[in-house]
Amino acid sequence: MITLFSDLDHTMFFSHRVFLNEEKLPAEYLNGKEQSYIPAELYTTLKQYKDRLSLVPVTTRTIEQFHRLFLLRKDLHCRYALVCNGGILLENGQPRKDWYQETLKLSNAQNPEVAKAFSIAENRFLQARLHFPEPFFFYAACEDVQTLYDTFQNELDTNLVYIGKDSRKVYVIASSVSKGTAVKRFAGQFGTDRIMVAGDSEFDLSMLEYGEPAFLPKELSEKLSNPKKRIMKTGGLGALLAEELETEMSHT
């Protein structure tokens with residue numbers, strides 16, 4: 001069985017604000033409105049090869065945010081998912097206590113620096129919307145992402161925490177709680193015949209190193225040392241994945 005460790009947002013699922021000129025299926029609702037969708041080609045590929053491919057989402061989404069993606073539960077039947085950047089392992093939708101306790105052990109020395117980030121944002125960035133769901137995982141949504149990001153870069157110990165951002169949020173995560181560490185932990189605990197990995201941002205670089213192949217956009221390619229890269233266009237994971245699986249089947 002091949003295991004596909006995949007980022008979710010902008011890799012498998014896309015915001016309703018992102019236009020793709022192809023067939024798509026609703027995947028998430030928020031306050032009664034469609035929030036995101038999955039390209040139909042990717043959905044079809046995952047369904048077609050479900051007996052050969054085990055999908056394990058790896059995401060910065062929290063448990064609550066992950067559960068909004070109803071297609072993962074309803075149609076794609078993901079037994080496992082790694083949320084909060086891999087710090088929490090869900091099995092059939094429920095957190096595994098053994099995994100969580102190991103995460104707390106790994107991040108124990110780094111968590112005070114995460115708390116420091118929360119304190120900085122709470123005291124100086126009063127308009128930011130702060131979220132501190134786990135001792136190893138904090139993020140803030142704000143208008144001035146760059147200023148908050150720069151503040152954290154200047155005042156936090158980047159040996160202890162990873163600081164990342166997207167267009168709306170800044171994340172501060174214990175450095176031991178990376179997606180790459182999560183993939184390595186999962187493979188060590190459960191075993192895998194072969195690992196494929198897909199991601200679209202710097203949050204995903206650490207796990208993309210494990211991919212055979214790694215599916216990623218062109219702009220990340222030069223930052224990855226893994227020679228087994230496959231370049232995907234926005235929304236194009238389904239076609240590449242189907243091609244890779246067909247090739248493997250033809251050789252067996």
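Arg 96 is partly exposed at 21% relative accessibility, where partly exposed covers the range between buried, under 20% relative accessible area, and exposed, over 50%, with a 1.4 Å probe and protein chains only. Its partner is Asp 98. Asp 98 is partly exposed too, with a relative accessible area of 40%. The two form a salt bridge, and their closest N and O atoms are 2.8 Å apart. By salt bridge I mean a side-chain nitrogen of Lys or Arg within 4 Å of a carboxyl oxygen of Asp or Glu.

A word on the model. It is predicted, so local features need pLDDT of at least 70 and side-chain atom pairs count only at pLDDT 80 or more, while totals for chains, interfaces and linings use all residues. Residues are numbered from 1 along each chain as its sequence is written, and side-chain values use heavy atoms, with hydrogens and water left out.

Back to the charges. How many salt bridges does the structure hold? There are 15. One of them joins Asp 7 and Lys 179, at 3.0 Å from N to O. Asp 7 sits in the loop between strand S1 (2–6) and S2, and Lys 179 in helix H7, so this pair ties together parts 172 residues apart in sequence. Helices here are DSSP runs of H or I with at least four residues, strands are runs of E with at least two, and both are numbered from the N terminus. Asp 7 is buried, at 6% relative accessibility. Lys 179 is buried as well, with a relative accessible area of 1%.

Next, Arg 61 and Asp 9. Their side chains meet in a salt bridge at 2.8 Å, N to O. Arg 61 is in the loop between S5 and H2, Asp 9 in the loop between S1 and S2, so the pair links parts 52 residues apart in sequence. Is each one buried or partly exposed? Arg 61 counts as buried at 8%. Asp 9 counts as partly exposed at 31%. Through shared partners, salt bridges join Asp 9, Glu 28, Arg 61 and Arg 68 into one network.

A pocket is an open set of points on a 1 Å grid over the protein atoms alone, where a 1.4 Å probe fits, with protein on both sides within 12 Å along at least five of seven lines; lining residues have an atom within 4 Å of a point. The largest pocket holds about 1,100 Å³ of space, its volume being the space filled by probe spheres set on the points. It is lined by 39 residues, and Asp 9, Asp 166, Arg 168, Lys 169 and Tyr 171 lie nearest its centre. Strand S11 (161–165) is among the elements that supply at least two lining residues. S11 gives the most, with 4.

The second largest pocket has a volume of about 320 Å³. Of its 18 lining residues, Lys 50, Leu 53, Ser 54, Leu 55 and His 77 are the closest to its centre. Strand S5 (53–57) is one of its contributors. S5 gives the most to this lining, with 4 residues.

Last, the cores. A nonpolar core is a set of buried Ala, Val, Leu, Ile, Met, Phe, Trp, Tyr and Cys residues joined through side-chain atoms within 4.5 Å. The largest has 59 residues, and Met 12, Leu 46, Leu 72, Phe 152 and Leu 241 touch the most other members. A second, separate core of 19 residues includes Phe 5, Phe 186, Val 197 and Leu 208.
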